[in-house]
Protein chains: 2
Amino acid sequence: MSRPVIDFWFDFASTYSYPATARIGALANAAGVSVRFRPFLLGPIFKAQGWDNSPFNIYEAKGRYMWRDLERLCAGYGLAFRKPAAFPQAGLLAARVALVGLKDGWGESFISQVFRAQFAEGRLINDPAVIRDLLSGLPCNPRQVFDQAQSDEIKSLLRAETEEAQRLVVFGAPSFVTADGELFWGNDRLEAALTWACKTKGI
Amino acid sequence: MSRPVIDFWFDFASTYSYPATARIGALANAAGVSVRFRPFLLGPIFKAQGWDNSPFNIYEAKGRYMWRDLERLCAGYGLAFRKPAAFPQAGLLAARVALVGLKDGWGESFISQVFRAQFAEGRLINDPAVIRDLLSGLPCNPRQVFDQAQSDEIKSLLRAETEEAQRLVVFGAPSFVTADGELFWGNDRLEAALTWACKTKGI
């Protein structure tokens, strides 16, 4: 029987996508589930809900709580955490580079490193120099990757992925979607998504 | 050493307060934590955030997801669930009656029954006849309870509790607040709140 699959939808500006990214590999492995990393942009989805900023900035009490919650969660998971100076950070460049990397086999490492740079090291991931620095440790040619990331093919792919997320009624990140179309939202639903994927893999 | 305490802030209109209420007794007991039930009104807090309705009604995708998530959660917990015909339902009367009951010793039973009536049986909890029916199985005089619930003392108490929730920067329900002021939001943070309360009880 083939392994069940879940789609892991994330946006690089999403805070809870950091612990989800750090946890999903080991948990999915243990559950025998394959994960497809699906970077997308929340911006257009938030705009359609009437937001031109992160709801964590629009709703101050919720935002303050989120940072504290994230700090506690990361401590519990044993993950380094440092609140970044800027939030949210534009994830467009990182998302395009991630799509190149997912085609070329180093995407998942890159994605983990971007989240760590942003939420553990306080680096600015919309700075091309930071992205270039992260790429320098990966099996790729950074200059070629930047060219590919700005190609029409990759730009169109990211747009198509964002539209696909909207079609699936993804409204936040991280989100997990099982093969039978069940949507789970939030780092705290990762385990439930994996359990669901295993339960229904015969369908 | 005295038992650690957490405050359990809930609003009868809050969907995730239903599984939290159903779960908190056994989990707190197992953890050796005492729970203070603190009914309050989210309405004034939502108004201050610019909402005149539940965010689950304002943001359609989030609302649709919430109902599905709640259904899955209840199935996992072995809790009956039925989506009520009306949402949100005004919890004012139930909250006032709950405050009477919490003084008189039958409050926690009443609170559980109100949530079950609303989210497992599809009953309308803003209907005084429904509240009277729930009271009929409890050790109280329903007529006297209704009189007390409409007294200035209880009305003031509910207002004061709502103001206290705002002071604690509670922005949603259910919320759990530990003795050292740590805020945990959501049914899915109940276990973390209990763990925190135990860890810091010596402080």
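Helices (H or I, at least four residues) and strands (E, at least two) are DSSP runs, numbered from the N terminus. This is a predicted model, in which local features need pLDDT of at least 70 and side-chain atom pairs count only at pLDDT 80 or more, while totals for chains, interfaces and linings use all residues. Residues are numbered from 1 along each chain as its sequence is written, and chains are lettered from A and ligands numbered from 1 in the order in which they are written.

**First selection: chain A**

Followed along the sequence, they give the pattern β-α-β-α-α-α-α-α-α-α-α-β-β-α. The radius of gyration of chain A (taken over C-alpha atoms) is 16 Å, close to the 17 Å of the globule rule for 203 residues, so chain A is as compact as a globular protein of that length. That rule is 2.2 Å times the number of residues to the power 0.38. Of the 203 residues in chain A, 39% are buried, meaning that 20 or more other C-beta atoms, placed from the backbone, lie within 10 Å of the residue's own.

Two residues are in contact if their C-beta atoms, placed from the backbone, lie within 7 Å; 11 residues of chain A are in contact with 11 residues of chain B. Helix 4 (60-77) and strand 4 (183-185) of chain A each supply at least two residues of this side, and the largest share, four residues, comes from helix 4 of chain A.

How are the two chains related? A rotation of 180° with 0.0 Å of shift along its axis superposes chain A on chain B, with an RMSD of 0.0 Å, by least squares on the C-alpha atoms of residues with pLDDT of at least 70 in both. The two copies are thus related as by a two-fold rotation axis. Select A:D188 next: in chain A, its C-alpha is the nearest to the axis, at 3.8 Å.

Finally, select residues 92-104 (helix 5) and 152-167 (helix 9) of chain A, whose axes are 10 Å apart and at an angle of about 105°. The axes are lines fitted to C-alpha atoms over the stretch in contact, and angles run from 0 to 180 degrees between N-to-C directions. Helix 5 and helix 9 of chain A are therefore roughly perpendicular to each other, a term for angles of 65 to 115 degrees. Show the side chains of A:A95, A:R96, A:L99 and A:V100 in helix 5, which meet A:I154, A:K155, A:L157 and A:L158 in helix 9.

How values were computed:
A residue is buried if 20 or more other C-beta atoms lie within 10 Å of its own, exposed if 12 or fewer, and partly exposed in between; C-beta atoms are placed from the backbone. Angles under 35 degrees count as roughly parallel, over 145 as roughly antiparallel, 65 to 115 as roughly perpendicular and the rest as oblique.
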